[in-house]
Amino acid sequence: MGLTEDKARELCDRILGLVRADSAEVWLSEGSEQHLRYANNDITSNSVSRRIDVGLSVSYGKRSASISTNQTGDEALRTMVEKVQTMARLAPEDPESMPPVEPATYADPINWSEATANAAPGDAIERVRPVIEQARAAGVDSAGYLQRLVYGMALANSRGLFVHQRSASVGFSLTARTGEGNGSGWASTQVTDIRDLDLAPVGERAIRKALASRNAVERAPGRTTVVLEASAVRDLISLLIWDLDRRSFDEGRSFLNGLVGEGKDPVGASLFGDRATLVSDPLAPEAPCATHSGGLPLNRTAWIEKGVLKTLEVGRFWAGEKKIPVQPGPGNVLMPGDGATLDELISQVDDGVLITRLWYLRQVQPQTLLYTGLTRDGTFAIRDGKVVGPVKNFRFNESPVNILRQIMASGIPERVLGSENDMPFHVPPLVVRDFNLSSVSEAS
Amino acid sequence: MHRRDWLKRTSAAGVALLADRWQVTAAAAATIGERFPNLADAALARAKALGASFADFHIMQTDSESLFVREEMVQGVDADSSLGCSVRVLVDGAWGFAAGDDLSPEGVSRLAESAVAIGRAQAGWRKRPVEIETLPAHTGRWEQAIGIDPFTVTLEEKVERLLAINRAALAKGANYCNAHFSQVRERKWLANTFGSRIEQSRVRVFPSFGVTVVDEKKGEFASRSSLAPPRGAGFEHLRDWDFIAEAPLAVEQAREKMAAPSVRPGKLDLVIAPSNLWLTIHETVGHPTELDRALGYEANFAGTSFCTPDKLDSLQYGSELVTIRADRTADNGLSTIGYDDDGVATEGREFAIVDKGVFRNFQMALGQAALIGRESSNGCAYADSFDAFPIQRMPNISLQPGTDPSVTVTDLIAGVEDGIYIEGNGSWSIDQQRYNFQFTGQVFHRIREGRLDGMLRDVAYQGNSVDFWKACDGLGGAPTYELGGAFNCGKGQPQQVAPVSHGAVPARFRRVNILNTAAEAGKDIAAVGKNTCNCNEGRLGRWA
C-alpha cells in the first residue's frame with residue numbers, strides 16, 4: 001500500500017524529535033515493487049520486494065550533512081541522527097547552504113490507484129501470459145518487462161513542513177524479434193491504474209514492427225527528414241528539459257550561451273520553432289506526477305511556448321543571489337500535437353525515414369547540446385508518403401535544439417516509456433527535417 | 001517517478017557525502033553471519049519444505065559515503081546505509097525471488113513463501129524449465145585487501161585534500177572546478193542449498209575532479225575531467241594520485257582545447273591511452289561477450305550481441321596482437337571478489353575472452369553454461385543491492401600488454417604520420433548489438449610525423465567493434481599497463497549498477513573514422529576554425 005500518512009507523520013516526528021541541530025529535514029519512502037522479466041517467450045525472473053528508505057539532512061548554521069538508511073528501529077534512528085549531527089558539525093561552512101523549505105500548500109496528486117496498489121503478484125503473470133502466447137503464436141521471440149511501483153513518500157522539516165503523497169504506476173515494454181534475428185520491434189505503455197493496462201495492442205504493435213523490419217536494406221546516412229514516433233521524441237526532449245537551468249546560463253556554461261548574444265537573456269527569446277511547446281503539469285491526467293519537488297510546489301509551467309523560451313529552472317540559492325523567483329524543475333513533460341495520425345504524418349514525407357525507438361543517447365558536446373545515439377527495433381524508409389520497407393539502423397548525432405527548430409508536423413500525444421528512465425512524458429510523434437543520421441549500424 | 005529519483009531530487013544536500021572517524025559499532029564489527037544466526041537455515045528450510053529444488057539466501061549491507069566540493073565550498077557531505085535480504089528459489093523449473101528488510105526468522109520464512117508462490121505461478125505454461133548446474137559447496141570468508149580503510153579517515157582530511165585540488169585549479173585560472181570522493185563498502189552473506197556459507201567484504205573508492213574555463217565574449221566553454229580511475233582500494237588511492245599536479249594541467253589543457261583547431265573528419269591513425277581505452281574495451285568487448293545478452297535475455301533493454309555462441313573459437317575479433325582476459329581476482333579490481341553471487345569461487349576461473357585475436361569465451365552466471373556446451377559458470381553473477389535478482393555482470397576485462405615490454409606510448413606515437421593521441425574518457429555510445437560505437441575523450445593531441453604537435457578539438461571516433469580491434473597494430477609493454485574503470489555500469493530491468501575495472505596498455509589503431517562534433521551539431525566548421533585560430537589568415541577555416 002505504500003507509506004500511510006499516519007505512519008509517515010509518526011516517523012517524521014520521531015526523527016525530528018531526536019534532532020538537536022539548528023535545522024533538519026526528513027524524507028521517507030516506503031513501498032513495494034514488482035519486476036517481471038521475460039525473454040525468449042519464457043519468464044526469466046519475477047521478483048517482489050518491499051523497502052523503506054529514510055533520509056535526514058541537518059544543519060548547524062551553514063554546516064550541513066545528510067544521511068540515509070533503510071533501518072527504522074529506535075536504535076538505528078538514534079544512531080542515524082547522532083551520526084549526521086557529528087558529520088554536520090565537522091563539515092566546513094557552505095556559503096550556499098539554505099535553510100529548510102517553508103511550509104506550503106500542495107495540490108492533491110492524481111497519480112495514485114488503489115487497484116494498482118492492491119494488485120496481487122500473480123496478477124502480473126496473468127496479464128503478461130497472453131502477450132507471451134501472442135508472440136509464440138506469431139512465431140517471434142519476445143522479451144519484456146512489467147514494473148509495478150507503489151510508493152508512499154513524505155517530507156518534513158523543522159520549519160513545520162509536512163507533505164505526504166502516494167504514487168502508483170505500471171509500466172510495460174516488450175521487444176519482439178524474428179527467429180532469424182533480422183527483424184525487431186518494440187512497444188511500451190505506462191498507466192497509473194492497472195485496470196487501464198491493455199497489453200494486447202502493445203504486443204501486436206511490437207510483433208508487427210518485428211515482422212515488417214525483416215531484411216532491412218542499407219540507406220545512405222545524411223541529413224534526412226524523419227518521422228519520430230512518440231518514444232523517440234520523448235528520449236530527445238528529455239535531453240533538453242533538464243538543461244533549461246538559470247545558473248548554468250548565468251555562469252556561461254550552458255548551451256543557451258551559444259544561442260544568445262553576450263549580455264542578452266534567453267528567456268523571452270524565440271530560440272526554437274513555432275511548433276515547439278513544452279509544458280509540465282503535475283495534475284495533467286494523461287501523465288500525472290507528484291505535486292512538489294523537495295517541498296517546493298509544482299504547478300503548471302510553460303517552459304517553451306511556440307518556440308519562445310519562457311522559463312528556466314532556478315535553485316533556491318541562485319534565486320536569492322539574483323533576486324528572482326525559485327523555479328523547481330519539471331515532474332513530467334507534456335508536448336501538444338497537431339492531432340495527425342502517424343499515417344498522416346508519414347503521408348507528408350516525400351523521402352525520409354520512420355524512426356520508432358532510440359537507444360544509448362549520450363552527450364557529445366555540451367556547448368551545442370549535441371547528443372549521439374542509435375535507432376533500433378524498427379526503422380523504415382518513407383517514399384512518396386508511404387512506408388516502403390525496412391532500412392538498417394543509424395547512428396545519429398543531433399541536438400534537441402535543432403529538433404525543436406525543425407519540426408514540420410506533429411501527431412497525437414501519447415504516454416510512452418523512454419529508453420532509460422520512467423518519468424511521465426506525454427508527447428506526440430513528430431516530423432523533423434534535416435535530422436543528422438551520421439552512419440549506418442549493422443544492428444538488427 | 002521512480003523512488004530513487006524521488007530520493008535524489010528531494011535530498012537537500014544534492015550530491016553529497018560524509019565522513020567522520022566513526023566509532024565502529026559492535027554491530028558493524030561483527031560478521032553478518034554472527035549478527036544474524038540461523039536466518040539462512042530458516043529461509044532455506046522453508047523454501048525446501050515448499051518444494052524448491054534449489055534456493056539461496058542473501059544478506060547484503062552497503063555503506064557509502066561521499067563528499068563534494070565546488071570551488072572553495074563544501075556542498076555535499078552524505079552517507080547512506082542499507083541492509084536487507086532476499087530469497088531466490090527454483091521451483092517447478094521457474095525462478096521466484098522475494099526481498100525485504102525484515103531480518104527475523106519469521107520474516108525470511110515469509111520471503112521464502114513469496115518467492116515460491118510467484119515461481120510456482122508460472123507452472124504449466126513454461127516453454128522450457130530453468131536448469132542449473134550443481135556447484136561445489138564453499139564455506140569461508142573473503143575480504144578485499146586495501147591499504148587505509150576510508151571509513152576510518154577523518155572528514156577534515158578528506159575535505160582538505162579535495163579543497164587543495166580546487167585551489168590548485170583556481171590558481172591556474174579555472175573559472176569553475178569541483179572535486180568529489182566516494183567510498184563504498186559492500187558486505188555480503190550467501191547461503192545456498194548446495195551447502196555454501198560465504199561471507200565477503202569489499203571496498204571501493206572514486207576520487208575525481210573537473211575544471212571548466214569560460215570565454216564569455218565568444219559564449220564558449222571547455223571542460224576537462226580528471227584521468228584518475230575508481231579502484232577497489234582504500235583511502236591511499238586519493239592520497240597517492242597526484243591531483244595537485246593534474247589539476248593545473250587540466251586547466252591548461254581545457255584552455256588549449258578551447259583555442260585548438262577543429263579536427264578534420266576522415267580516416268586517421270589513433271594512439272589511445274589506457275585512460276580512454278578502458279571504456280572502449282568495456283563497450284566493444286565487455287558487453288558483447290555477456291552470454292545472457294547473446295542468448296536474448298537482455299533483448300528488451302540492453303540488447304543482444306553480434307557475438308553469438310556459434311562464433312566461439314572462430315570469430316577473428318581482433319588482430320593477432322589482441323588478447324583480452326577476464327578475472328575477478330585482480331588487485332584493486334572493482335569487480336574483484338572471492339565468490340560471485342551464485343557462490344562460484346573466482347580464483348582459478350580467470351579466462352580469455354579473446355586470445356591472439358580469436359573469440360574464446362563468454363561471461364556466465366548460474367544456469368547458462370550448459371546452453372553453450374560448457375560445464376559450469378565462470379563466476380560472473382552480481383546483485384547490486386539486497387533486493388536485486390543476481391544477473392550476469394562483467395568481471396574485470398583487460399587488454400593484455402604486448403610481448404615487448406620495452407614499448408612505450410612514445411614508440412607507438414613514433415609510428416604515426418598523421419593521427420591523434422587520445423587521453424581520458426568522454427562521451428560513449430554503442431548500438432544494441434555492439435557493432436557501431438562512437439567515443440570522445442578529454443584531451444586530443446595531434447600527431448604529425450611521429451610526434452605530438454599541439455591539440456585538437458571537436459574529436460569523436462566512430463567505428464565497428466571487430467573492425468576496430470582488427471586495426472590494432474601496436475601495444476605498449478607491461479610497464480605501461482594501467483587499470484581504468486567505472487562505478488556505474490548499468491544493465492538489467494530494473495536497472496542494476498555494477499562496478500567494474502578494465503586494464504589496458506596504450507594501443508595504436510590504423511585508419512579509424514574521425515568525426516568533427518561541431519559539424520555534426522550543424523555548425524559551420526569553417527567558422528569554428530576562424531573563431532578559434534589566429535594563425536590561419538586568408539582561409540575560412542582550419543582543419544587539422
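**Close-up views of a two-chain predicted model**

**View 1. The two domains of chain A.** Chain A is divided into domain 1, which covers residues 5-212, and domain 2, which covers residues 216-444; these bounds come from an automatic or database domain assignment. This is a predicted model, in which local features need pLDDT of at least 70 and side-chain atom pairs count only at pLDDT 80 or more, while totals for chains, interfaces and linings use all residues. Residues are numbered from 1 along each chain as its sequence is written, and chains are lettered from A and ligands numbered from 1 in the order in which they are written. The C-alpha centres of domain 1 and domain 2 of chain A lie 25 Å apart.

**View 2. Where the domains of chain A touch.** In chain A, 28 residues of domain 1 are in contact with 25 residues of domain 2, two residues being in contact if their C-beta atoms, placed from the backbone, lie within 7 Å. On the side of domain 1 that touches domain 2, β5 (162-178), β6 (184-191) and α5 (199-212) of chain A each supply at least two residues; here helices (H or I, at least four residues) and strands (E, at least two) are DSSP runs, numbered from the N terminus. The element that gives the most to this side of domain 1 is β5(A), with six residues. By class, this side of domain 1 has twelve nonpolar, 14 polar and two charged residues, where Ala, Val, Leu, Ile, Met, Phe, Trp, Tyr, Cys and Pro count as nonpolar, Asp, Glu, Lys and Arg as charged, and the others, Gly among them, as polar.

**View 3. Chain B against chain A.** Between the chains, 78 residues of chain B are in contact with 95 residues of chain A. Strand β2 of chain B (residues 73-91) gives the most to the side of chain B that touches chain A, with eleven residues, and that side of chain B is made up of 35 nonpolar, 26 polar and 17 charged residues.

View 4. In β2(A), 15 of the 19 residues are buried, a residue being buried if 20 or more other C-beta atoms, placed from the backbone, lie within 10 Å of its own, exposed if 12 or fewer do, and partly exposed in between. Val48(A) stands opposite Ala98(B) in β3(B). Within chain A, β1(A) (residues 23-39) and β2(A) pair in the antiparallel sense over 17 bridges, and β2(A) pairs, again antiparallel, with β3(A) (residues 63-69) over seven bridges.

**View 5. The two hairpins of chain A.** Tyr38(A) has Ile43(A) in β2(A) as its bridge partner, and in this hairpin of β1(A) and β2(A), with two residues between the strands, Asn40(A) takes a positive phi near 50°. In the hairpin of β2(A) and β3(A), which also has two residues between the strands, Gly61(A) takes a positive phi near 60°, while Tyr60(A) has Arg63(A) in β3(A) as its bridge partner.

Technical notes. Pairing = 2+ DSSP bridges.
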